[in-house]
Amino acid sequence: MTANNNLSEIVYFHRKKAGLSRIQLAQLAGIGKTVIYDIEKGKQTVQWKTIQSILYALNITIAYKSPLMELYEKSKNNNP
């Protein structure tokens, strides 16, 4: 994620484009409506599991990138 694309802006943008209120998104994600407000306002102490629920409800995926990801993937495939 770049500095210009922070999580609060991304969640807000997707929620608005989906035509969802905060309450509707909270219900879809199975969380409290206050958390949606907190994320959209940039609160930094939201649990990762909660963020994952919101992203899933908005059909947003996260791609893990690093110079070592290819090596990591190979190591996973070699370990049963």
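Val35, Ile36 and Ile39 of helix 3 meet Thr50, Ile51 and Ile54 of helix 4, where contact means heavy atoms within 4.5 Å. By class, this contact of helix 3 with helix 4 comprises five nonpolar residues, one polar residue and no charged residues. In this classification Ala, Val, Leu, Ile, Met, Phe, Trp, Tyr, Cys and Pro count as nonpolar, Asp, Glu, Lys and Arg as charged, and the others, Gly among them, as polar.

The model is predicted: local features need pLDDT of at least 70, side-chain atom pairs count only at pLDDT 80 or more, and totals for chains, interfaces and linings use all residues. Residues are numbered from 1 along each chain as its sequence is written, and side-chain values use heavy atoms, with hydrogens and water left out.

**Packing of helices 3 and 4**

Two packed helices are described by the angle between their axes and the distance between the axes. Helix 3 (residues 33-40) packs against helix 4 (residues 48-57) at an angle of about 90°, and their axes are 11 Å apart. Helix 3 is therefore roughly perpendicular to helix 4; angles of 65 to 115 degrees count as roughly perpendicular, those under 35 as roughly parallel, those over 145 as roughly antiparallel and the rest as oblique. The axes are lines fitted to C-alpha atoms, for helices over the stretch in contact, and the angles run from 0 to 180 degrees between N-to-C directions. Helices (H or I, at least four residues) and strands (E, at least two) are DSSP runs, numbered from the N terminus.

Ile36, Asp38, Ile39 and Glu40 are buried in helix 3. Buried means under 20% relative accessible area, exposed means over 50%, and partly exposed lies in between (1.4 Å probe, protein chains only). The buried residues of helix 3 pack against helix 1, helix 2 and helix 4. Just after helix 3, glycine 42 adopts a positive phi of about 90°.

The largest nonpolar core contains 14 residues, and those with the most contacts inside it are Val11, Leu25, Ile31, Ile36, Ile39, Ile54 and Leu58. The elements that give two or more residues to this core are helix 2 (22-29), helix 3 and helix 4. Such a core is a set of buried Ala, Val, Leu, Ile, Met, Phe, Trp, Tyr and Cys residues joined through side-chain atoms within 4.5 Å. Leaving aside neighbours within four places in sequence, isoleucine 54 is in contact with Val11, Leu25, Ala29, Ile31, Val35, Ile36 and Ile39.

**Salt bridges**

A salt bridge is a side-chain nitrogen of Lys or Arg within 4 Å of a carboxyl oxygen of Asp or Glu. By this rule the count comes to four salt bridges.

| Pair | Closest N and O atoms |
|---|---|
| Arginine 15 and glutamate 40 | 2.5 Å |
| Aspartate 38 and lysine 43 | 3.7 Å |

Arginine 15 forms a salt bridge with glutamate 40. This pair links distant parts of the chain, with arginine 15 in helix 1 (residues 7-17) and glutamate 40 in helix 3, 25 residues apart. Arginine 15 is buried, at 4% relative accessible area, and glutamate 40 is buried as well, at 10%. Arg15, Arg22 and Glu40 are linked in a network of salt bridges.

In the pair formed by aspartate 38 and lysine 43, aspartate 38 is buried with a relative accessible area of 19%, whereas lysine 43 is partly exposed at 43%. Lysine 74 and glutamate 70 both lie in helix 5 (residues 69-78), four residues apart, about one turn of the helix. An α-helix has 3.6 residues a turn, so residues three or four places apart point the same way. Lysine 74 is partly exposed at 47% relative accessibility, and glutamate 70 is exposed at 57%.

**Exposed positions**

Tyrosine 56 is found in helix 4 and counts as exposed, with 73% relative accessibility. The C-alpha atoms of tyrosine 56 and valine 11 are separated by 11 Å, and these residues are 45 residues apart along the chain.

The loop between helix 4 and helix 5 holds asparagine 59 and lysine 65. Most residues other than glycine have a negative phi. Asparagine 59, although not a glycine, has a positive phi of about 60°; its relative accessibility of 69% makes asparagine 59 exposed. Lysine 65 is exposed at 77% relative accessibility. The C-alpha atoms of lysine 65 and isoleucine 51, 14 residues apart along the chain, lie 19 Å from each other.
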